Amino acid sequence: MKVSSGLGLELSFFASAHTYLYSLFPQVDAVRVYVNSSSENLQYPVLFVVRQQKGVLSWQVPLIFRGLYQRTYNYQEVSRTLCPSEPAPETGPSDQIIFVDVASMAPFNIAYELLVTRLESFQLETNKPFNFTASPSQPQYFLYKFPQDVDSVIIKVVSDAVYPCSVVSVQDIVCPVYDLDHNVEFNGVYQSMTKQAAITVQRKDFPGEQFFVVFVIKPEDYACGGSVPSSIHGKLCWETDFVGLSGLWSSRKPLEPYCGRVFLYLSDLSRKDRRIVSKKYKIYFWNIITIAVFYALPVIQLVITYQTVVNVTGNQDICYYNFLCAHPLGVLSAFNNILSNVGHMLLGFLFLLIVLRRDILHRRAMEMKDVYTLDYGIPKHFGLFYAMGIALMMEGVLSACYHVCPNYSNFQFDTSFMYMIAGLCMLKLYQTRHPDINASAYSAYASFAVVICLAVLGVVFGKNDMWFWVIFSLIHVLASLALSTQIYYMGRFKMDLGIFRRAAMVLYTDCIQQCSRPMYMDRMVLLIVGNLVNWSFAIFGLVYRPRDFASYILGIFICNLLLYLAFYIIMKIRSSEKLLPIPLFCIVATAVVWAAALYFFFQTLSSWEETPAESREKNRSCILLGFFDDHDVWHFLSAAALFFSFLVSPALLWGLSLSFSSLFS
């Protein structure tokens, strides 16, 4: 059938629809739609919409492709193969209707040609060469069915063109077919080619024992080493062969053994050996135990000395208690403020038990070669979870130590492990998206040590020293830029003094000289927002120079953690991943408990930023059981909030697998 007409189109929107009726035959049918237009006016293209039972295809003429450096390529001829339909077993051959809608907003006449044909040679045969023609605006794909006596085939593609850059893709029988330059890599396995390509396909990878071979021509050849767009003539040749996969696996699991598989799992994209990575993350656990022992012992010794001085001298101006609700016990002046930190230790221990049980179940499933454990989700490592549990327990210990004698000099004891908790949570969230790309335990804890060192310097010099704030703000901004560069390029930038020069060169080349769109747009948006937040903190600190430097740094960590958690959840939703009830409950519970906890946190009962006399003006009576004050309630609620916060990461990670329920069973 051929329709050729000049269509007079008014200024208002006007559409013409053509309906074609065809019958299905025992052999698979496919229909190809060809259109062209003599109009080269890019402001008023002719729009074509093809509707059929299984989907909709649409394009415009002239068809525009964008290449490197914002170059554009216009095509007046376009043809697409419609997703084929097969006769239903219970009904036999049936009729299918195709609607072709043609429209334009042009205020003048536009001539176009529309040709709808039924492909006689759509199904490929074994050992029989097949010739075809394709171009960037006219991709091709064909069907192949495995014969009964063939378990695997090799697809050989040979091109006689000078230098075309093409993509050969093998895709499952699913509509729509990904046959365009911007989406051909979304499904199945594929290879780029210039002169020839060969793909081995096995019957076991296709439950339906059939697949599509898709052939796409790129508008320019830079991806293959050339630069000139062209139309090509191709030739397919099929050879039967029985190919095994034994001996192809190695400890690092390079991505190429997987090229014969149609369906790739997230676990397949982890290129490092699971056991090696697991040992790497276990170092986080053992290191934090060592740090906890060496940090806590001198802290305990120091606060005991403080309490002894208070008891011996009788000078109660040394420690900033809420004297209206201070219950002494033995040598301790405010035992209630110490006891209220037991929640951190108990919930931290409970989290360790949950992680231990999950770890044991996971190892058993691995030993039994459970398919969901092996193939679903990313490789699971528990070292960071153990470290988070220890950090939560140590936060309770050090907070209790601080409340033995709370004052300006030892407030950093209460916040040191909060920095580590926030940092470990960010590392864990990053690990759930990049199991192979993460900081080593040594570099992570070294970074935490630098932060704690800055916190101590801030306590000593941060009150009135302008130069300290200038230097700190500069370090903050430069560290944000360096970390952003490392995150954007996923660890491929070497962290040394030359990182800023290399980053500036890349920024100039990609963003200023070429004005190109960022390669990783989502990641770029996150990093831009993150840098704006951190620069705002730096400016705020430089202008106002807050006296409570430890809380200022803690605010930086918490804001960055919340920002990355929001990005993590948004990316999950954008990827169409469903949020199951238990992860959703953890997220809601975290938000509610944190809101309640912060309410009691801001009920200031004392302030070592003021004189002891001024601090006592804020003292209040007990509000819970006649024993605990508002700050004690903050301790209880913050411990629960941290516990639920910890569950958010594993819940989002494990909740997507079928074995999630075993975590809480």
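# A tour of cysteines, a cavity and ring pairs

Begin by selecting Cys401, which is buried with a relative accessible area of 7%. Next take Cys425, where the relative accessible area is 9%, so this residue is buried as well. Keep in mind throughout that this is a predicted model.

**Disulfides**

Now turn to the disulfides, of which there are three. Select Cys319 and Cys405: the two form a disulfide with their sulfur atoms 1.7 Å apart. The torsion about this S-S bond is about -90 degrees, so the link is left-handed. Cys319 is in the loop between α1 (274-313) and α2 (335-339), while Cys405 is in the loop between α5 (383-402) and α6 (411-433), so the pair ties together parts 86 residues apart in sequence. Both Cys319 and Cys405 are buried.

The link of Cys325 and Cys622 is right-handed, with 105 degrees about the S-S bond. Cys622 lies in the loop between α13 (612-616) and α14 (630-654), so this pair ties together parts that are 297 residues apart in sequence. Cys325 has 1% relative accessibility and counts as buried, whereas Cys622, at 23%, counts as partly exposed.

Go next to Cys83 and Cys175, joined by a disulfide with an S to S distance of 1.6 Å. The torsion about their S-S bond is about -75 degrees, so this disulfide is left-handed. Cys83 sits in the loop between β8 and β9 (95-104) and Cys175 in the loop between β15 (166-171) and β16 (189-193); the pair links distant parts of the chain, 92 residues apart. Cys83 is buried at 9% relative accessibility, and Cys175 is partly exposed at 25%.

**The largest cavity**

β5 gives the most to the lining of the largest cavity, with three residues. By class, the lining has eight nonpolar, three polar and three charged residues.

**Aromatic rings**

The structure holds 38 aromatic pairs. One of them is Phe146 with Phe211, an edge-to-face pair 5.6 Å centre to centre with 65 degrees between the planes. Phe146 is in the loop between β13 (140-145) and β14 (152-159) and Phe211 is in strand β18 (residues 210-217), so the pair links distant parts of the chain, 65 residues apart. Phe146 counts as buried at 6% relative accessibility, and Phe211 counts as buried at 0%.

Compare Tyr178 and Phe186: their ring centres are 6.3 Å apart and their planes are at 65 degrees, so this pair is edge-to-face. Tyr178 is partly exposed at 28% relative accessibility, while Phe186 is exposed, with a relative accessible area of 60%.

Finish with Phe351, Phe382, Phe385, Phe585, Phe643, Phe644 and Phe646, which ring pairs link into a cluster. What sits over the ring of Phe385? The charged end of Lys428 does, 4.1 Å from the ring centre.

Conventions:
Residues numbered from 1 in each chain as written. Predicted model: local features only at pLDDT ≥ 70, side-chain atom pairs only at ≥ 80, totals over all residues. Heavy atoms only, no water. Phe/Tyr/Trp six-rings, centres within 6.5 Å; stacked < 30°, edge-to-face > 60°. Helix = DSSP H or I, 4+ residues; strand = E, 2+ residues; numbered from the N terminus. Buried < 20%, exposed > 50% of the residue type's maximum accessible area, 1.4 Å probe, protein only. Lys NZ or Arg CZ within 6 Å of the ring centre and 35° of its normal. Nonpolar A, V, L, I, M, F, W, Y, C, P; charged D, E, K, R; others polar. Disulfide = S-S within 2.5 Å.
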